[in-house]
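Welcome, and please take a moment to turn the model around before reading on. The paragraphs below will walk you through it step by step.

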Amino acid sequence: MIPNIITFLRLLLAPVMVVLILSHHWVAAAFLFLAAAVSDVLDGLIARRFEMRSTLGACIDPIADKALLVCVYIALSMVGILPVWLTVIVVARDILITLGIVALWFAGRTPTIKPLIVGKASTVAQVSLAVLALAACSMGIEFSGWIPTLFIYVVAFLTVFSGIAYSRLWLHHIKI
(Lines give C-alpha, C1' and ligand atoms only; values in the text may rest on other atoms or scores of the structure.)
Protein backbone atom coordinates (compact mmCIF):
# COMPACT_ATOMS: atom_id res chain seq x y z
CA MET A 1 0.00 0.00 0.00
CA ILE A 2 2.65 2.58 1.01
CA PRO A 3 4.87 1.90 -2.04
CA ASN A 4 1.87 2.41 -4.35
CA ILE A 5 1.03 5.74 -2.67
CA ILE A 6 4.64 6.89 -3.15
CA THR A 7 4.47 5.81 -6.81
CA PHE A 8 1.18 7.66 -7.40
CA LEU A 9 2.68 10.79 -5.84
CA ARG A 10 5.63 10.48 -8.25
CA LEU A 11 3.17 10.20 -11.13
CA LEU A 12 1.46 13.40 -9.97
CA LEU A 13 4.83 15.19 -9.99
CA ALA A 14 5.10 14.92 -13.80
CA PRO A 15 2.79 17.86 -14.64
CA VAL A 16 4.19 19.86 -11.71
CA MET A 17 7.69 19.41 -13.13
CA VAL A 18 6.53 20.67 -16.52
CA VAL A 19 5.06 23.82 -14.98
CA LEU A 20 8.18 24.45 -12.90
CA ILE A 21 10.54 24.01 -15.85
CA LEU A 22 8.44 26.07 -18.27
CA SER A 23 8.25 28.88 -15.70
CA HIS A 24 12.02 28.63 -15.03
CA HIS A 25 11.66 27.71 -11.36
CA TRP A 26 14.91 25.75 -11.57
CA VAL A 27 15.67 25.22 -7.88
CA ALA A 28 12.21 23.84 -7.15
CA ALA A 29 12.35 21.67 -10.29
CA ALA A 30 15.78 20.31 -9.35
CA PHE A 31 14.72 19.46 -5.79
CA LEU A 32 11.43 17.88 -6.87
CA PHE A 33 13.14 15.79 -9.53
CA LEU A 34 15.71 14.64 -6.97
CA ALA A 35 12.87 13.83 -4.54
CA ALA A 36 11.16 11.83 -7.29
CA ALA A 37 14.34 9.86 -7.95
CA VAL A 38 14.72 9.12 -4.24
CA SER A 39 11.04 8.11 -4.02
CA ASP A 40 11.58 5.63 -6.85
CA VAL A 41 14.31 3.91 -4.87
CA LEU A 42 12.34 4.21 -1.63
CA ASP A 43 9.11 2.63 -2.89
CA GLY A 44 11.06 -0.31 -4.28
CA LEU A 45 12.97 -0.83 -1.04
CA ILE A 46 9.79 -0.67 1.04
CA ALA A 47 7.96 -3.07 -1.28
CA ARG A 48 10.78 -5.62 -1.14
CA ARG A 49 11.72 -5.24 2.53
CA PHE A 50 8.19 -5.41 3.91
CA GLU A 51 6.75 -7.82 1.31
CA MET A 52 4.41 -5.14 -0.09
CA ARG A 53 4.84 -6.03 -3.74
CA SER A 54 1.67 -5.84 -5.81
CA THR A 55 0.54 -6.25 -9.39
CA LEU A 56 -0.66 -2.64 -9.35
CA GLY A 57 2.75 -1.47 -8.16
CA ALA A 58 4.56 -3.54 -10.79
CA CYS A 59 2.43 -1.89 -13.50
CA ILE A 60 2.25 1.69 -12.24
CA ASP A 61 5.91 2.09 -11.15
CA PRO A 62 7.43 2.00 -14.66
CA ILE A 63 4.57 4.18 -15.94
CA ALA A 64 5.26 6.79 -13.25
CA ASP A 65 9.00 6.67 -13.98
CA LYS A 66 8.54 7.10 -17.72
CA ALA A 67 5.82 9.75 -17.41
CA LEU A 68 8.05 11.85 -15.17
CA LEU A 69 11.15 11.42 -17.32
CA VAL A 70 9.35 12.06 -20.62
CA CYS A 71 7.63 15.17 -19.21
CA VAL A 72 10.95 16.53 -17.92
CA TYR A 73 12.67 15.89 -21.26
CA ILE A 74 9.86 17.53 -23.22
CA ALA A 75 9.84 20.57 -20.92
CA LEU A 76 13.65 20.89 -21.00
CA SER A 77 13.51 20.76 -24.81
CA MET A 78 10.74 23.34 -24.93
CA VAL A 79 12.90 25.83 -23.01
CA GLY A 80 15.96 25.04 -25.11
CA ILE A 81 18.04 23.20 -22.48
CA LEU A 82 18.01 19.81 -24.21
CA PRO A 83 17.98 19.30 -27.97
CA VAL A 84 14.61 18.35 -29.44
CA TRP A 85 16.17 15.47 -31.39
CA LEU A 86 17.26 13.84 -28.11
CA THR A 87 13.77 14.15 -26.64
CA VAL A 88 12.33 12.59 -29.80
CA ILE A 89 14.69 9.62 -29.37
CA VAL A 90 13.80 9.21 -25.68
CA VAL A 91 10.05 9.44 -26.33
CA ALA A 92 10.25 7.19 -29.41
CA ARG A 93 12.04 4.48 -27.43
CA ASP A 94 9.33 4.52 -24.76
CA ILE A 95 6.62 4.35 -27.41
CA LEU A 96 8.50 1.47 -29.08
CA ILE A 97 8.67 -0.45 -25.80
CA THR A 98 4.97 0.13 -25.16
CA LEU A 99 4.07 -0.99 -28.69
CA GLY A 100 6.19 -4.10 -28.19
CA ILE A 101 4.22 -5.03 -25.08
CA VAL A 102 0.93 -4.41 -26.89
CA ALA A 103 2.11 -6.49 -29.86
CA LEU A 104 2.91 -9.39 -27.53
CA TRP A 105 -0.58 -9.19 -26.04
CA PHE A 106 -2.14 -9.18 -29.51
CA ALA A 107 0.03 -12.16 -30.43
CA GLY A 108 -1.52 -14.04 -27.50
CA ARG A 109 1.55 -13.95 -25.31
CA THR A 110 1.72 -12.60 -21.81
CA PRO A 111 4.66 -10.21 -21.79
CA THR A 112 7.14 -10.55 -18.99
CA ILE A 113 8.20 -7.02 -18.20
CA LYS A 114 11.81 -7.48 -17.22
CA PRO A 115 14.20 -4.62 -17.90
CA LEU A 116 17.34 -5.35 -19.89
CA ILE A 117 20.70 -4.18 -18.53
CA VAL A 118 21.08 -1.79 -21.47
CA GLY A 119 17.59 -0.46 -20.73
CA LYS A 120 18.56 0.21 -17.13
CA ALA A 121 21.79 1.88 -18.28
CA SER A 122 19.78 4.04 -20.67
CA THR A 123 17.39 5.08 -17.90
CA VAL A 124 20.24 5.86 -15.49
CA ALA A 125 21.91 7.98 -18.19
CA GLN A 126 18.63 9.77 -18.99
CA VAL A 127 17.96 10.54 -15.32
CA SER A 128 21.57 11.65 -14.79
CA LEU A 129 21.38 14.04 -17.75
CA ALA A 130 18.12 15.53 -16.45
CA VAL A 131 19.66 15.95 -12.98
CA LEU A 132 22.76 17.57 -14.48
CA ALA A 133 20.67 19.94 -16.62
CA LEU A 134 18.36 20.90 -13.75
CA ALA A 135 21.28 21.35 -11.35
CA ALA A 136 23.13 23.58 -13.82
CA CYS A 137 20.03 25.69 -14.42
CA SER A 138 19.28 25.96 -10.70
CA MET A 139 22.81 27.30 -10.11
CA GLY A 140 22.58 29.71 -13.01
CA ILE A 141 25.20 27.82 -15.02
CA GLU A 142 24.72 27.64 -18.78
CA PHE A 143 24.14 24.05 -19.82
CA SER A 144 26.59 23.93 -22.70
CA GLY A 145 30.11 22.84 -23.47
CA TRP A 146 31.76 19.54 -24.15
CA ILE A 147 30.64 17.72 -20.96
CA PRO A 148 26.88 18.25 -21.50
CA THR A 149 27.32 17.56 -25.22
CA LEU A 150 29.15 14.30 -24.50
CA PHE A 151 26.47 13.34 -21.99
CA ILE A 152 23.73 14.08 -24.55
CA TYR A 153 25.38 11.79 -27.11
CA VAL A 154 25.89 9.02 -24.54
CA VAL A 155 22.20 9.22 -23.63
CA ALA A 156 21.24 9.15 -27.32
CA PHE A 157 23.47 6.13 -28.00
CA LEU A 158 22.23 4.14 -25.00
CA THR A 159 18.61 5.03 -25.75
CA VAL A 160 18.85 3.93 -29.39
CA PHE A 161 20.82 0.80 -28.47
CA SER A 162 18.29 -0.19 -25.80
CA GLY A 163 15.41 0.48 -28.23
CA ILE A 164 17.03 -1.91 -30.71
CA ALA A 165 17.61 -4.51 -27.97
CA TYR A 166 13.97 -4.35 -26.84
CA SER A 167 12.76 -4.53 -30.47
CA ARG A 168 14.79 -7.67 -31.05
CA LEU A 169 13.41 -9.17 -27.83
CA TRP A 170 9.80 -8.43 -28.81
CA LEU A 171 10.29 -9.77 -32.34
CA HIS A 172 11.85 -12.95 -30.97
CA HIS A 173 8.87 -13.50 -28.66
CA ILE A 174 6.34 -12.82 -31.40
CA LYS A 175 8.35 -15.03 -33.81
CA ILE A 176 8.08 -12.67 -36.78
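This is a predicted model: local features need pLDDT of at least 70, side-chain atom pairs count only at pLDDT 80 or more; totals for chains, interfaces and linings use all residues.

Averaged over the chain, the pLDDT is 91, and 97% of the residues reach a score of at least 70. Confidence is lowest in H4, with a mean of 90, and highest in H5, at 96.

Now let us see how some of the helices lie against each other. Start with helix H1 (2-22) and helix H3 (55-78). The axes of H1 and H3 are 9 Å apart, and the two helices pack at an angle of about 10°. Angles under 35 degrees count as roughly parallel, so H1 is roughly parallel to H3. Their contact has 19 nonpolar, 3 polar and 3 charged residues.

Next, find helix H4 (84-106) and helix H6 (146-174). H4 and H6 pack at an angle of about 15°, and their axes are 10 Å apart. That angle makes H4 roughly parallel to H6. H4 passes H6 in a left-handed crossing. Sorted by class, the residues in the contact of H4 with H6 are 17 nonpolar, 6 polar and 1 charged.

Stay with H6 and look for another partner, helix H5 (117-138). Here the packing angle between H5 and H6 is about 150°, with the axes 8 Å apart. Because angles over 145 degrees count as roughly antiparallel, H5 is roughly antiparallel to H6. The crossing of H5 past H6 is left-handed.

The largest pocket has a volume of about 1,600 Å³. It is lined by 46 residues, and the closest to its centre are Asp61, Pro62, Ile63, Asp65 and Pro115. Which helix gives the largest share of the lining of the largest pocket? That is H3, with 12 residues. H1, H2 (26-49), H3, H4, H5 and H6 each supply at least two residues of this lining. The lining of the largest pocket is made up of 25 nonpolar, 9 polar and 12 charged residues.

To tie this together, go back to H3 in your viewer: H3 packs with H1, and H3 also provides 12 residues of the lining of the largest pocket.

Note on methods: Residues are numbered from 1 along each chain as its sequence is written. Side-chain values use heavy atoms; hydrogens and water are left out. On a 1 Å grid over the protein atoms alone, a cavity is a set of points where a 1.4 Å probe fits but cannot get out, and a pocket is an open set with protein on both sides within 12 Å along at least five of seven lines; lining residues have an atom within 4 Å of a point. Grid points are joined across faces, edges and corners, and a volume is the space filled by probe spheres set on the points. Helices (H or I, at least four residues) and strands (E, at least two) are DSSP runs, numbered from the N terminus. Ala, Val, Leu, Ile, Met, Phe, Trp, Tyr, Cys and Pro count as nonpolar, Asp, Glu, Lys and Arg as charged, and the others, Gly among them, as polar. pLDDT is the predictor's confidence in each residue, from 0 to 100. Axes are lines fitted to C-alpha atoms, for helices over the stretch in contact, and angles run from 0 to 180 degrees between N-to-C directions. Angles under 35 degrees count as roughly parallel, over 145 as roughly antiparallel, 65 to 115 as roughly perpendicular and the rest as oblique. A crossing is left-handed if the near helix is turned anticlockwise from the far one by less than a right angle, and right-handed if clockwise.
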